[in-house]
Amino acid sequence: MTSYFDALETRSVDERAAALGAALPEQIARAKGLTGYAERLADVDASTITDRDALAALPVLRKADLGAAQADAPPFGGLTTRHSSGFAHIFQSPGPIYEPGSTDPDWWRLGRFLYACGIGQGDIVQNCFGYHLTPAGQIFESGARAVGAAVLPAGTGQTELQARAAHDVGVTAYAGTPDYLKVILEKADELGLSLNITRAAVSGGALFPSLRQWYADRGITCLQCYATADLGNVAYESPAMEGLIVDEGVIVEIVTPGTGDPVPEGEVGEVVVTTLNPDYPLIRFGTGDLSAVMPGQSPCGRTNMRIKGWMGRADQTTKIKGMFVRPEQVAQLVARHPEIQRARVVAGRSGEADTMTVRIEAEGGDAEAYAATVADVLKLKGEVEIVAPGGLPRDGLVIEDTRSYE
């Protein structure tokens, strides 16, 4: 393998700025022609949007806006340049939010990340991202195809079968959430199966330093990327493991949460992304994730901007066990049981796995009934703790993340 996926990764600052100056006006003009952007970009002169400073004057598109647009013009809200039947796939994420998918080469741009992981021809990737409704499985499969690797489409669950398949097939690389590989490896140990996995490409949750080290002690290099169902790859780790390098197909801004105002370099703010994908031109899409820009360039030689990685949620929405838990879901939980006064979801860690405890403020109550509602509404199972009225802090938090990201 050569050092870089393509020449775009090592462009100079001036070369990248010139390319952006040419591509951005075209993308804004493309968006202006779509019904979903008719009001939002009505007064914008696309030819003047040639850099990040000009881009910062445009409104931020948020998930709520996306949902409202899709309700008015299903399934994609008038934000795609193809008709829905012109895409290879239509996916559904929680909300529900619908996302398009394409079989065009490396449409989500995950090939760049997998290449940085050292994955390529001769590899067999056990893809443990979901293939049902949500696009993560297809996103990583598309990336594997871009680097010439074969895929075992394992999906989620059935750990014993996963371990046996990894052994029988000769899997060399893993793609999935950070902690599930550990589950597979431990199951393989229990079954007396030797595995040949030496590389792991993870996303969908925090990669804790202790877990990365656990993999390293077993001879597995584990790198992470930041990708979303809407945007595809946003940023990715290289072997230097110093921050996440922004993908060449997007423009990333860090803004004050709740606004569209960029913060100074190094300050924590919300990640806002503009994609250059001509099929789905999301302009200043607010992810709700927090991060910060890192100064300088990566020691690996890739020259694009770096961000520090995922640093929490601007809106309290928290990813637990690879799934988002949102404040509105907690409100639904409370509404299901009139005796519940308040509820708080607490995300934690036990060993190298995420845990979820739901603290419910109520006079007595049925813990089993609450647990069933938690599983139904939050789509995750967790412990239920009932506290007396007044037992939860009045600090405005409905989702508390106690995990350490140091």
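1. The sulfur of Cys128 lies 13 Å from the closest cysteine sulfur, that of Cys222, which is too far for a bond. Cys128 counts as buried at 5% relative accessibility, where buried means under 20% relative accessible area, exposed over 50% and partly exposed in between, with a 1.4 Å probe and protein chains only.

2. The model is predicted: local features need pLDDT of at least 70, side-chain atom pairs count only at pLDDT 80 or more, and totals for chains, interfaces and linings use all residues. Residues are numbered from 1 along each chain as its sequence is written, and side-chain values use heavy atoms, with hydrogens and water left out.

3. For Cys225, the closest cysteine sulfur is in Cys117, at 7.8 Å, again too far for a bond. Cys225 is buried, with a relative accessible area of 7%. The structure as a whole holds 0 disulfides, a disulfide being a pair of cysteine sulfur atoms within 2.5 Å.

4. The domain assignment divides the chain into domain 1 (8-313) and domain 2 (318-401); such bounds come from an automatic or database domain assignment. The C-alpha centres of domain 1 and domain 2 are 29 Å apart. In the interface, 10 residues of domain 1 are in contact with 10 residues of domain 2, contact meaning heavy atoms within 4.5 Å.

5. The largest nonpolar core comprises 37 residues, and Ile28, Tyr37, Val252 and Ile307 have the most contacts inside it. A nonpolar core is a set of buried Ala, Val, Leu, Ile, Met, Phe, Trp, Tyr and Cys residues joined through side-chain atoms within 4.5 Å. Among the elements that give two or more residues to this core are helix H1 (13-32), helix H2 (52-55) and strand S10 (250-255). Helices (H or I, at least four residues) and strands (E, at least two) are DSSP runs, numbered from the N terminus. A second, separate core of 28 residues includes Leu110, Ile119, Ile139 and Tyr236.

6. Which residues does Ile28 touch, not counting residues up to four places away in sequence? They are Leu41, Val44, Ala46, Ile49, Leu55, Leu58 and Ile283.

7. Strand S7 (residues 221-228) is largely enclosed by the rest of the structure, because 7 of its 8 residues are buried. Strand S6 (residues 199-202) pairs with S7 in the parallel sense over 4 bridges; two strands pair if DSSP finds at least two bridges between them. Thr221 in S7 is the bridge partner of Arg199.

8. An open sheet of 3 strands, in the order S10-S11-S12, has antiparallel pairing. Its edge strands, S10 and strand S12 (285-291), each pair on one side only. Neighbouring strands of this sheet are turned by 30° against each other on average, direction ignored. Axes are lines fitted to C-alpha atoms, for helices over the stretch in contact, and angles run from 0 to 180 degrees between N-to-C directions. S11 and S12 are joined in the antiparallel sense over 4 bridges, and Glu270 has Leu290 in S12 as its bridge partner.

9. An open sheet of 4 strands has mixed pairing and the order S19-S18-S17-S20. Strand S19 (383-387) and strand S20 (399-401) stand at the edges with a single partner strand each, so one side of each lacks a neighbour in the sheet. The twist from one strand to the next averages 20°. Strand S18 (residues 353-362) and S19 run parallel and are joined by 5 bridges; Ile360 stands opposite Ile386 in S19.
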